[in-house]
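I opened a new notebook page for this structure. Here is what I looked up, step by step.

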Amino acid sequence: MFRSIFLTFFVAASVANAGQLQGTALYRERIALPPGAVFEASLLDVSLADAPAKVLGVARIEPAGNPPYQFDIRYDDAAVVPGHRYSVQAKITLKGQLLFITDTHNAALNGAPPLPSLIMRSVRGADKAAAASPSTWPFGPVSSYSGLLPAADGPGVRWQLDLLEGGRYQLRETYLGRGKGKSFDSVGVAQYDPSKQRLQLVGESDDTYFVRVDDKTLRKLDIEGQPIQSSLNYSLKKLTKAKLLVPQLQAKGMLTYQADAAHLALCGSDLRLPIAMEEAYKALETQYLKTRREPGDAVMAEFAGRVVQRASVDGGKPMQTLIVQGPAKLHPRENCSAAQPIAKLTDTYWKLTRIGEKPVVVKDKQREPHLVLATKDQRLSGHGGCNRLMGSYKLDGEKLSFGQVASTRMACIDGMDTEHLFSTELGKVQSHKINGNALQMLDASGLVILQFEAVALR
């Protein structure tokens, strides 16, 4: 079926003034959408509590197809007001009926951190709309598998895998021959492809694959999901009676607190776990409330915890619940993707894209403003658009500062104001953040004052 993407503009903007906001949205239910479903992501001004949100732009995918959804919202930069609050909302509808929608505030623009993956929640009617696509989960409500698999530097690794209803898993790998055995626990989303009889465990690290040999056997596949050609044992056998793990984790993900309930969306798998209000929870809540910008904000958090099975608040089936066991570290300017930068600060061509919230527009027949920070001698070179820039910098972890920035003295008809502001703001830089191929430079107060994009990695 032909799939097209439509972008709806709610403002009249020239290309020069058009802003661009990209992101990803998904839902975790194992539901295939009906053919007529439509996905929309909207950029909203939510500054006024007593007035409807103002729509700045919408990205629309019709038909929606299957998640994840990559969206690209275009908006008019001139409509963005400093100090206003902006949010991105994602939803899926079918003939006007709402099936999925985000239920948290997803901050955008005006210094907000990069968007995490937006998680849409099912509303009443979504399951009925997808009733024509029955579940293909063949593992029952709860099942446990175990086996001793080969190891490169020891007698083997004891695996225990729990598969839970709703497409979730728990895994413990215990390396034998290391004292009493060193164990590593993980949890995440389990996806099953009935056409290939293949099970995929999606977690923070590399995905793990199995093929379902029969009702009682899973055989491990290689890192690309292909058979392992070996006479050694790579099979897990189903236990007669499930014996569920209590995974111990160094949990890392996006923390939210809303309506007296806290959740953590784990990095890598986007598995969203409710957090029990016990043990070290209260300190985590207090720290979150001091750190967040707005109610419902998602904040990157790391802490030691364990996962237990608890009855849901409505008395339903037991569900995975996270217990906070130790002090937490919160990183308000990061998200899960920021933990794995692609570009590095030094020896990279960084194109200037924004000064504060103002986009940088390159004039005809002028060079684009950019920087290159050479590792050798910590020297700066670049261009302001009219003149070459040169100088020095100091780097200590995320701390970054620049010495006196010199330039050539050519006069240009256009672009001198941008070049002067660029040089001035460099003198205020105190730290930096890298998210993928995007670089942010921050002043002493933590405000983002310069933004760059990696164009040519060297």
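**Ground rules.** I am working with a predicted model, in which local features need pLDDT of at least 70, side-chain atom pairs count only at pLDDT 80 or more, and totals for chains, interfaces and linings use all residues. Residues are numbered from 1 along each chain as its sequence is written, and side-chain values use heavy atoms, with hydrogens and water left out.

**Whole protein.** I found three helices and 33 strands (DSSP runs, H or I of at least four residues for helices, E of at least two for strands, numbered from the N terminus). Of the 458 residues, 47% count as buried (under 20% relative accessible area, with exposed meaning over 50% and partly exposed in between; 1.4 Å probe, protein chains only).

**Helix α2.** Which residues of α2 are buried? In this helix, residues 281-291, I noted Tyr281, Leu284, Glu285 and Tyr288. They line one face, because down the axis they fall within an arc of 100 degrees (taken from the directions from the helix axis to the C-beta atoms). On the other side, Lys282, Ala283 and Lys290 are exposed. The cover over the buried residues includes β18 (248-258) and β21 (299-311).

**Lysine 433.** I found this residue in strand β31, residues 431-435. Is lysine 433 buried or exposed? Its relative accessibility is 18%, so lysine 433 counts as buried. Leaving out residues up to four places away in sequence, its contacts (heavy atoms within 4.5 Å) include Arg333, Glu334 and Leu442.
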